[in-house]
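Dear colleague,

Please keep in mind while reading that the model is a predicted one.

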Amino acid sequence: MVRDLLGENDIPFLPELPARGPGADLVGRAATALVGLSVDLQPSGWRLTDAAGVDARRARSYLRNDLDGLAEAFDGYVGPLKLQWCGPWTLAASVELPRGERALTDDGATRDLVQSVAESALKHASAVQRLVPGAELIMQWDEPGLPAVLGGRLPTASGYGRVRAVDQARVVEGLEAVASALRAVVPHQILHCCAPGVPVPLVRRVDDLALAIDTSLIHTRQWDGVAELVESGRSLWTGVLPTDGTVTRPEQVADPLLRAWEQVGLESAALEQVVLTPACGLASTAPREVPRTFRLLQEAAALLAARTA
């Protein structure tokens with residue numbers, strides 16, 4: 001469906017299909033692919049262990065099957081191809097230590113996790129490049145948990161306390177580590193966060209990192225930071241289309257973005273750096289609705305191009 005419906009001006013991607021079960025989701029896929037670290041699925045979530053459990057092996061099987069499907073669907077393809085991988089800070093906030101606390105609470109475990117994420121994402125991207133040699137890869141680092149990590153809002157295992165906030169400099173260091181590990185294979189990388197409180201200035205501190213956001217969650221002051229990022233030459237992936245079916249016309253997608261663009265004083269020519277996307281993934285969207293979503297975004301992009309020509 002992705003290959004058939006997305007045209008030459010669009011950016012196809014390797015879908016994630018989390019409804020298949022544990023390990024097909026954002027956190028499970030990355031956790032079970034870690035290099036040098038093993039996880040097992042507990043009632044509370046994925047936990048670091050000495051050896052991978054049956055759920056981890058099933059998750060790796062999901063990924064192998066997806067790559068087989070990708071190779072078949074994109075045989076002979078030349079052009080951009082987007083991958084997505086759980087970012088190191090969301091993963092550290094989600095995976096548990098053997099004793100049950102979040103890996104984020106242990107500095108050594110967090111360092112090991114960041115390094116392992118870099119290695120596993122590089123391994124994944126290299127595999128895709130071998131399967132689709134003509135692809136120009138784009139890596140989307142999914143970090144929905146980043147605002148909570150920075151704000152110290154994550155509950156402890158007991159539920160009575162909060163995990164201490166992580167310093168911004170340390171977060172930047174971790175993001176730079178995973179991004180730099182992939183640069184030789186993946187020329188374009190994006191940080192995607194569809195949670196309130198996206199740390200836009202922090203993203204600008206990581207070299208060449210683009211930003212993907214749900215625009216409905218961006219307040220006026222944050223738009224100033226977004227404008228600075230765009231003016232620095234980076235691309236902006238705007239989650240302008242809600243996935244609840246409430247928006248049905250391309251004008252409803254394009255017009256709010258144009259208004260925000262004008263209010264912060266951005267030139268219309270800078271819209272060439274913008275990619276239109278759903279607000280936050282299509283995991284909850286019925287398959288029959290996906291073509292409509294793609295068409296609506298394509299129509300909105302054409303409308304933006306016409307109005308700014």
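A crossing of two helices is called right-handed if the near helix is turned clockwise from the far one by less than a right angle, and left-handed if the turn is anticlockwise. In that sense, the crossing of α5 and α7 is right-handed. The axes of these two helices, α5 covering residues 107–131 and α7 covering residues 168–182, come within 8 Å of each other and cross at roughly 25 degrees. Because angles under 35 degrees count as roughly parallel, α5 is roughly parallel to α7.

As for the residues that meet there, α5 contributes D107, T110, V114, V117, A118, A121 and L122, while α7 contributes R170, G174, A177, V178, A181 and L182. Sorted by class, this contact of α5 with α7 holds nine nonpolar, two polar and two charged residues.

The other part concerns strand β4, residues 135–142, in which seven of the eight residues are buried, so the strand is largely enclosed by the rest of the structure. Strand β3, residues 79–86, runs parallel to β4 and is joined to it by eight bridges; within this pairing, G79 has A135 of β4 as its bridge partner. Strand β4 also pairs with β5, residues 188–193, again in the parallel sense and over five bridges, and here M139 stands opposite Q189 in β5.

With kind regards

Note on methods: Residues are numbered from 1 along each chain as its sequence is written. This is a predicted model: local features need pLDDT of at least 70, side-chain atom pairs count only at pLDDT 80 or more; totals for chains, interfaces and linings use all residues. Side-chain values use heavy atoms; hydrogens and water are left out. Axes are lines fitted to C-alpha atoms, for helices over the stretch in contact, and angles run from 0 to 180 degrees between N-to-C directions. Helices (H or I, at least four residues) and strands (E, at least two) are DSSP runs, numbered from the N terminus. Angles under 35 degrees count as roughly parallel, over 145 as roughly antiparallel, 65 to 115 as roughly perpendicular and the rest as oblique. Contact means heavy atoms within 4.5 Å. Ala, Val, Leu, Ile, Met, Phe, Trp, Tyr, Cys and Pro count as nonpolar, Asp, Glu, Lys and Arg as charged, and the others, Gly among them, as polar. Buried means under 20% relative accessible area, exposed over 50%, partly exposed in between (1.4 Å probe, protein chains only). Two strands pair if DSSP finds at least two bridges between them.
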